[in-house]
Amino acid sequence: MTDRESLLNISKEASEDDGAIGVISGMPTDETGLLTNNTNSNDNNQTEPIFYVRSRTTAVSRPNYESLDYEVCENALFHDEERKRLQERFSIRKDVIRWIIFIQIGIITALIACTIDIIIEELSEFKYKFLKNAVDNNVPMTDDSDRDLAIPFLYWILLSIVPVSVGAALVTYIEPITAGSGIPQVKSYLNGVQIPRIVRIKTLAVKAAGVITSVVGGLAGGKEGPMIHAGAVVAAGISQGKSTTFVKDFRIFKAFRDDHEKRDFVLGGGAAGVTAAFGAPIGGMLFSLEEAASFWNQNLIWRTLVASIISSFTLNIVLSTYHGLDGFTFTGLFNLGKFDQPLTFEYFELPIFMLLGIAGGLLGATWNFMNTRINKFRKRYIPWKIGKVLEAVLIAMVGVTLASAMMFFISDCRPLGNDPTIHPVQLFCKDNEYNAVAALWFQTPEATVRSLFHDPPGSHQILTLAMFTLIYYVLSCATFGLNVSLGVFIPTALVGAAWGRLVAMLLFYLFPETNFLHPGKYALIGAAANLGGVLRMTISLSVILMETTGVETSFFFPLIIALITAKWVGDSFNEGIYDTQIEVNHVPILPWEPIPQFKGLKARDIMSKPVICIKLQDKAHYIYKVLNGCNHNGFPVVDNVQNNLRSKGRVCGIILRSQLIVILLKSLYVENKRFWVPETSIQTFRDVYPRYPSIESVRQLDNKENYTVDLSMFMNPSPIRVNTHDSVPKIFQTFRALGLRHMLAITNENRIAGIITRRDFIYK
Ligand code: ATP
Ligand code: MG
């Protein structure tokens, strides 16, 4: 087969693919869908018709995600730079700069988190104070038959739908990538999948505004996921020393402008973000490692920890100052409230904790299942933007209505004095009493978790907590997946805390003479179990819960029992919510382990062939045509080509589409070498990172048709090669561990036989 046939063949394969590709519209095609290319050429190979795979006209069944280039391209230009740096002792300086960037990431992420936190706190304070006054002034307190909640209800609806509609509109119309928690997106990014617009400044601004409006609007969500995302954007922005959005290059940190370096900073940013959300530095770092990271090493962990600690320290300073406290004594850093008494447990409680874990696993798996169904329904039946905004508003209204109905129908009055809430609402209660139902609803979800952990025994009726659990379970399930920026951690913890406390109350009701049934303790275990059931994390969650509540290390054991049991039970039904979301959106992330179906397969069973290759010295217009004719991002560079069959050539390296485009754009041809060689360096390629121009931006080559490109100094001369007989599970490990984008399958004679990309590991 000639190269001409090979290109055609590839095209046919592509056309039979999953529909993510198609014939470009508006281009002249014959009925087979082939573009007729009339370029004059001396080379027979260059007149082949090339199938266009750049855009699609039919429905997309699977989005066509591209990968990131985590493999460092160690080409001749890279080695030149390394040599120069060695002379200038730059590698030591680069290391120091790296540390400085991590520290900056910690500080800036914390400052953003503080700002979000303070705005949410102030606005919520205003909202719930206003509602309390509305209740006090408009609800007659006396007669049961005279109950009327209409005016506060209307105010409440208004105070919910205004911020929620603003938040949903921002997300829907300005930056849809900011919808949801952001953790699945950051996780996919760290796994090597390019998620468009995920780390842009605009994304950060919308995310911050989105989370503030949604939490203040009273939706069942929290700020932790958005904080991770915010940290990731900060990291990606700072480490690059330039903003593509504002077209501003500060001309610093140029050495860090590649996917590999950026990935490590993003991990640090994510950790700093969780830390800032919870005030939990170790938990923040572990959360990033356990949930988000796909690659790590000792140095990276160390730097990530420093970013987290700096973030928590900054948070402490700012919040202590904001609350007017001396030193760094702000106890609000225990976000979920510090337990006054050390939490103790009896050994016979361990089976109870395990049962709570089982309940958490079952409830979590059901929640994930229902949430996935709801989101699939949404995707199918609510495609319009306005519909998405209205849906968020509707859910906010349903939430307020259910909460008001609960307040209306359940009389749960408690004596004042015992009341831990800041603004106790009297609502339908006698003087010197407050309404326990209103106390649960008239605050942010995070504050409610705090109340459930720390309210003294006897603060609620069983019915109150049972209804609250039910309503919040359903509400949070319907909320996660709306087009708003919200995380799932706090509502999940809240549901768990509510049913955990409920279990303690029920047990106490059945066995009144027991003294180990501390409701806060059971609320904490319930929260852990529910979190384990939904998120399926263990280490970081237990550490975050410990750091945010200040419980002693001895209580780690019950927490981990509940978490692990919940995870095991949940895992036997479905995956954690973040992984489920990734799967539903068909994001091709590589799992930790190869899937069982790979057992017994060889590289030749999954590789693509014939491969579109480029000769070590090839004609400019062939390269131009290849780039125009296919969507691939990596091309093996070959020599020793016999019968003009590039697809059977001997492998010398690999070259990326982005590099080829820069070569064509800058006319880096052999014929005019003397003009560009002196000023061409690896920086020439970095300058256009990360928004590489597309092939459309390269002008028709016209008189440069027959110019030659010599790829020897640009290509990566050491691509990872595997033999066609190598086992797939083994090559998967290599691909995964090295963060590869392309893997070349070769014959025993080092001739190209096939190419393997992320897609081949996932969809074959
Ligand atoms: P990624 O999508 O992971 O960023 P890529 O864009 O280079 O990498 P795709 O073009 O999306 O890879 O891969 C789609 C299919 O085409 C895969 O099955 C892959 O094996 C195959 N493929 C990739 N590069 C080539 C090539 N140069 N020649 C022939 N087939 C290729
Ligand atoms: Mg691709």
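Is Asn644 buried, partly exposed or exposed? Select it and look: Asn644 counts as partly exposed, because it has 14 C-beta neighbours inside 10 Å. (The scale: 20 or more other C-beta atoms within 10 Å of a residue's own make it buried, 12 or fewer make it exposed, in between is partly exposed, and C-beta atoms are placed from the backbone.) Asn644 has a positive phi of about 55 degrees, although it is not a glycine. You'll find Asn644 in the loop between β11 and β12 (650-656). Helices (H or I, at least four residues) and strands (E, at least two) are DSSP runs numbered from the N terminus.

Before moving on, some ground rules. This is a predicted model, where local features need pLDDT of at least 70 and side-chain atom pairs count only at pLDDT 80 or more, while totals for chains, interfaces and linings use all residues. Residues are numbered from 1 along each chain as its sequence is written, with chains lettered from A and ligands numbered from 1 in the order in which they are written.

**Colour by confidence**

Colour by pLDDT, the predictor's confidence in each residue, from 0 to 100. The chain has a mean of 86, and 89% of its residues reach 70 or more. Now select residues 1-60: pLDDT stays under 50 there. Where pLDDT is low, the predicted coordinates should not be read in detail. The model's scores are ipTM 0.99 and pTM 0.88.

**Zoom out**

Show the cartoon: 27 helices and 16 strands make up the secondary structure of the chain. Of its 764 residues, 51% are buried. Give each domain a colour: domain 1 (104-136 + 149-333), domain 2 (347-392 + 406-584) and domain 3 (594-763), with bounds that come from an automatic or database domain assignment. Domains 1 and 3 have their C-alpha centres 38 Å apart. Their contact takes 6 residues from domain 1 and 6 residues from domain 3; here, contact means C-beta atoms, placed from the backbone, within 7 Å.

**Into the core**

Next, select Ile105, Val266, Ala498, Ala528 and Ala562. These have the most contacts inside the largest nonpolar core, which has 156 residues. (Such a core is a set of buried Ala, Val, Leu, Ile, Met, Phe, Trp, Tyr and Cys residues joined through C-beta atoms within 7 Å.) Helix α16 (residues 489-510) gives the most to this core, with 13 residues. Domain 1 and domain 2 both give residues to this core, so it lies between them.

Stay on Ile105 and show what surrounds it. Beyond its neighbours within four places in sequence, Ile105 is in contact with residues including Val234, Ile238, Phe265 and Ala307. A second, separate core of 51 residues can be picked up by selecting Ile623, Tyr624, Val662 and Phe732, which are among its members.

Select 445-454, helix α14. It is largely enclosed by the rest of the structure, because 9 of its 10 residues are buried. Among the buried ones are Glu446, Arg450 and Leu452.

Then jump to Gly210 in helix α6 (residues 201-217). Gly210 counts as buried because it has 29 C-beta neighbours inside 10 Å. Leaving out residues up to four places away in sequence, Gly210 touches Gly167, Leu170, Val171, Thr178, Val484 and Ser485.

**Around the ligand**

Centre on ligand 1. It has 19 residues around it, and Ser67, Ser608, Ile612, His632 and Asn633 come nearest; a residue is near if its C-beta atom, placed from the backbone, lies within 6 Å. β3 (66-67), β11 (634-639), β16 (752-757) and α27 (758-763) each supply at least two residues of this shell.

Two cis peptide bonds close the tour. One joins Lys609 and Pro610, with omega about -10 degrees, and Pro610 lies in the loop between α21 (603-606) and β9 (614-615). The other runs from Tyr689 to Pro690, with omega near 5 degrees; Pro690 is found in the loop between α25 (682-686) and β13 (708-710).

Technical notes:
Contact = placed C-beta atoms within 7 Å.
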